[in-house]
Amino acid sequence: MTEASGGRGPVIVLGNEKGGTGKSTSAMHIVVALMRDGYKVASIDLDPHQGTLTRYVENRKAFSEAKGIRLPIPEHHCFSSSDNDSVTAAEAEDKRRLDALVEQLGDVHDYIVIDCPGSDTFLARHALSIADTLITPINDSFIDMDLLAKVGGNPPRVLGPSTYSQIVWEQKVQRASRNRQSIDWIVMRNRLATLDSRNKRNVGDALEKLSERIGYRLMDGFSERVIFRQLFLQGLTVLDLRDEGTDVTLNMSHIAARQEIRNLLDAILGPAPAAPTPAPMRITAPWPPAPGKAQAEPAPPGKKGERRQPADS
């Protein structure tokens, strides 16, 4: 089994099909936030070609050694796909190896954070199916909303599902058919403008309405701040800025950014409300249901609200 059960740590997956949404930055901040809360955390980068999360961790190790300071660093793995000539054999091998790695890491870590590539790959889909929590960062604009649904008209309205929403539904169905467990899907509005605007409100309203239809939790993520891009080179997060030796002066913007991280972690760990009930009431694949097709109904979301206790040091 790959789902969280017994002593195996929950799996948090950062996934979408778009680049430039702050996915790897969000993954790194989640990892560090969990570790600073006393949890043992492992991270997996499923995109060795870009390797953004891997470089982030490497930069962090180098900075820590160069400055002689102790920073929490996860056990990190950059996962390379099989080079088998047979696509079927390669996918079977990748699935087996990733499942084995997750089980191995879950035996000794409280949480596993997986950063998926910004494209539709076999490994990305499989990672979604083993996620206990799926976080999908999107830039706060109608242009990027097409990741979730086709939107058009004036005022904007949902015209149909997106390819990515279809993929998530399919993985939810697979998860439910395996063990009657659910995936907690969080859509995170990222790179938010600091000033209020009509467009910002319209995007928020559209995402709220869409959440009721396809069943995700919506939350505000990180505002557009230069500090997030600057810290990558040192492998730092805004949670590290109070540590002696980081050479960054903490200001009010950084404090606000730290609170955004805290809000994200609270949304992940609970207490969390039940995910919105999609309409129609049954999860189907494909979505929405084709006429005359049988519908598969998953189990209701599992009990939430209790954080996993940190492993003894």
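The model here is a predicted one. Asp 115 has a relative accessible area of 2%, so with buried meaning under 20%, Asp 115 counts as buried.

What does Asp 115 touch, leaving aside residues up to four places away in sequence? The list is Leu 14, Lys 23, Ser 24, Ala 27, Ile 44, Asp 45, Leu 46, Asp 47 and Leu 53. Lys 23, Ser 24 and Ala 27 from that set are also among the buried residues of helix H1. Leu 53 is another of the contacts of Asp 115, and its number falls within helix H2 (52-67). For a sense of the fold around this spot, take Cys 78: Asp 115 is 37 residues from Cys 78 in sequence, and their C-alpha atoms are 9.8 Å apart in space.

## Helix H1

H1 runs over residues 23-36. Its 14 residues reach 20 Å from the first C-alpha to the last, close to the 20 Å expected at 1.5 Å a residue.

Is H1 mostly covered or mostly open? Mostly covered: 12 of its 14 residues are buried. Lys 23 and Ser 24 are on the buried list, and so is the run from Ser 26 through Ala 27, Met 28, His 29, Ile 30, Val 31, Val 32, Ala 33 and Leu 34 to Met 35. Just after the helix, Gly 38 takes a positive phi of about 100°.

## The second largest pocket

H1 turns up again at a pocket. The second largest pocket has a volume of about 520 Å³. There are 28 residues lining this pocket, and the closest to its centre are Gly 22, Lys 23, Ser 24, Thr 25 and Arg 191. As for elements that give two or more residues to the lining, they are helix H1, helix H2 and helix H7 (226-232).

By class, the lining has 12 polar, 9 charged and 7 nonpolar residues. Lys 23 and Ser 24 tie the pieces together: they are among the residues closest to the pocket centre, they are buried in H1, and they touch Asp 115.

## The chain as a whole

Stepping back, the protein chain has 8 helices and 9 strands. It is 313 residues in length, and 49% of them count as buried.

How much of the contact total in the chain, at a separation of 6 or more, comes from residues 24 or more positions apart? The share is 77%.

Note on methods: Residues numbered from 1 in each chain as written. Predicted model: local features only at pLDDT ≥ 70, side-chain atom pairs only at ≥ 80, totals over all residues. Heavy atoms only, no water. 1 Å grid on protein atoms, 1.4 Å probe; cavity = no way out; pocket = protein on both sides within 12 Å on 5 of 7 lines; lining within 4 Å. Points joined across faces, edges and corners; volume = space filled by probe spheres on them. Helix = DSSP H or I, 4+ residues; strand = E, 2+ residues; numbered from the N terminus. Nonpolar A, V, L, I, M, F, W, Y, C, P; charged D, E, K, R; others polar. Expected span 1.5 Å × (residues − 1). Buried < 20%, exposed > 50% of the residue type's maximum accessible area, 1.4 Å probe, protein only. Contact = heavy atoms within 4.5 Å.
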